[in-house]
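Me: Can you walk me through this model? I'd like to begin with the ligand and then look at the core.

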Amino acid sequence: MPGGADQTLIPFLWRAERLYDDTEIVSRTHEGRVRYDYADYADRARQLADVLSADGHGRGDRIATFCWNHHRHFETYFGVPGAGTQLHTINPLLPDHHVEFIVENADDRVIFVDPSLVEKLEGPAGSAAFDGVEQFVVMGDTVPDTSLSPVTDYESYVAGGDPGYEWPDIDEDQAAGMCYTSGTTGKPKGVEYTHQMLWAHTMTTLTPQGIPVADDDAVMPVVPMFHVNAWGLPFSTTAAGAKHVYPGPSPEPADLVSLIEDEGVTVSAGVPTVWLGIQQYLQEAEGDLSTLERVIIGGSAAPESLIRWYDQEHDVEVVHAWGMTEMSPIGTVASLKSGMDHLDYDGELDKRTKQGMPVPGLEMKVVDDDGNEVPWNGEDFGELLVRGPWVTREYFERPRATEEEFEDVPASDASGESEEQHSSGRWLRTGDVVTVDEEGYVDIVDRTDDVIKSGGEWISSVELENAIMAHDDVAEAAVVGVDHDTWGERPVAFVVPAGDVDEDALAGDIQAMIEADYPKWWRPDAIRFIDEIPKTATGKFSKMTLREEYGDRVHVQDVPEDAAPEAEEE
Ligand code: AMP
């Protein structure tokens, strides 16, 4: 008989409220900086849960957010799963047709939306995909002029809830969260997180080999709360009883530095682009990072020069981590193993620049094209496969994708015909091509699929190619990611024109077509006209050849400011 209580999120909040009732939660918002403590927070999370329950929402109902990082968004982190409902965090940077797809696919009942994102949501909300949405709630105390309906403001919405609400009994296998990943081709794929997955992820995160937080830390997740629960930090920070600091909508480097200074932030986390932005800012302006001890960088590879700069200029340790939406998300962390004292600084940096070692509880293996494991020698490479208690075993309502992206999925199981099928041994194919050195440090060298990650956000090359090839004057088009100092990668389109065409006019048409259907930051930075797209032996576009042949020669201009993901924020 298993003993004790189920592994759910609520005990983390219970502990923070009982032991750290006056520890602060601080949030930059459109109304200014807001601060309160765990005691007030827990009351408001319970009020929210009470309103959801009173409105008839319970197990199986998905409640969505379309929000940046702030205290009200954090209230949904415990309030929604605590009511037995499921928190679905939607990425507001997605193209409208992706938002339509995922709201319909998830069958969201309520959507909490930021004031600055109301207009952005109005487009997709006008489609039939939103027919199941019963309520929009604007994250503030007023409602702007909007076509969203029915709509109310958050403060009025929670005001009717009881702060003494009693959390219902929750089963650890109950869904607590959900996030869609649009890494690969085709429609975004939903990943559900059970209470038990989030509990296990929180516990591994808190180990010294994870990204630990202690009760004297002040933690500022810059990684968006719609990206896999801000890498789980709101949960681990609560479990530890530490202070939360939320940077609010569209934080500029100056806002982040002033939050660090004023609130004594000790731990922060975000994609490399954020930390490159702060680096650039601090090279010109004054800023005090003396309280900041650690910065977790992940989502894309952290450049060595960045790690070195924070170390040397500000005595801030950069901890490089790797993970995926499918993994709640932490997989590996590049901390130094004991016994590495013999390494000099450059030797240490070699290790710290890799993606790192698996966190406790996770298993990994690297396989070649024939499925054979490759040795851990730092040279042989293959695809990384992982499994563990916080790694999903399937995509939401996507048996085919599940069959393709997990190993050991019998076809009958993937199609849902054999629900009893034992799946705990199931490995997730990460799509990352890696080497692992003798000490167990993973180093990502490539990806198996064709996707572009720009500033931590995915761009589907295949969607862009299809959009470009829809033009009558285009015979073929391939879109590849080209290295970019600030954004990691940026898309560049290679186009074979159909006959004799005015290339400048065609390039203008292509950009206009893309801009009509996609966010500005999806626009290719350059369009190169070539005679033929190189092909692989099986006739597919050989993007590797394109990158090798043209990668260094393609001039990727500085991304115009309005083409950055954050430019869409307000
Ligand atoms: P997502 O599901 O959006 O979190 O994206 C997961 C993918 O991002 C991984 O499979 C990697 O390809 C990439 N990724 C995440 N972290 C890192 C990292 N530290 N270095 C390089 N790539 C990373």
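**Ligand and core**

Reply: An N or O atom in the side chain of Arg447 sits 2.8 Å from an oxygen atom of the ligand, a polar contact (a pair of N or O atoms within 3.5 Å). This is a predicted model, where local features need pLDDT of at least 70, side-chain atom pairs count only at pLDDT 80 or more, and totals for chains, interfaces and linings use all residues. Residues are numbered from 1 along each chain as its sequence is written, and side-chain values use heavy atoms, with hydrogens and water left out.

Me: OK, and how far is the polar side-chain atom of Thr325 from an oxygen atom of the ligand?

Reply: That distance is 2.6 Å for Thr325. Ala321 uses a polar backbone atom, 2.8 Å from a nitrogen atom of the ligand.

Me: How much of the ligand does the protein bury?

Reply: The protein buries 91% of the 500 Å² that the ligand exposes when taken alone (Shrake-Rupley method, 1.4 Å probe).

Me: Switching topic: which residues have the most contacts inside the largest nonpolar core?

Reply: Those are Phe78, Phe112, Tyr157 and Val386, in a core of 76 residues. A nonpolar core is a set of buried Ala, Val, Leu, Ile, Met, Phe, Trp, Tyr and Cys residues joined through side-chain atoms within 4.5 Å, and buried means under 20% relative accessible area (1.4 Å probe, protein chains only).

Me: Why does this core lie between domain 1 and domain 2?

Reply: Because domain 1 (10-333) and domain 2 (362-440) both give residues to it; the bounds come from an automatic or database domain assignment.

Key
Buried means under 20% relative accessible area, exposed over 50%, partly exposed in between (1.4 Å probe, protein chains only). A polar contact is a pair of N or O atoms within 3.5 Å; within protein, one must be able to donate a hydrogen and the other to accept it, and residues adjacent in sequence count only if both atoms are side-chain atoms.
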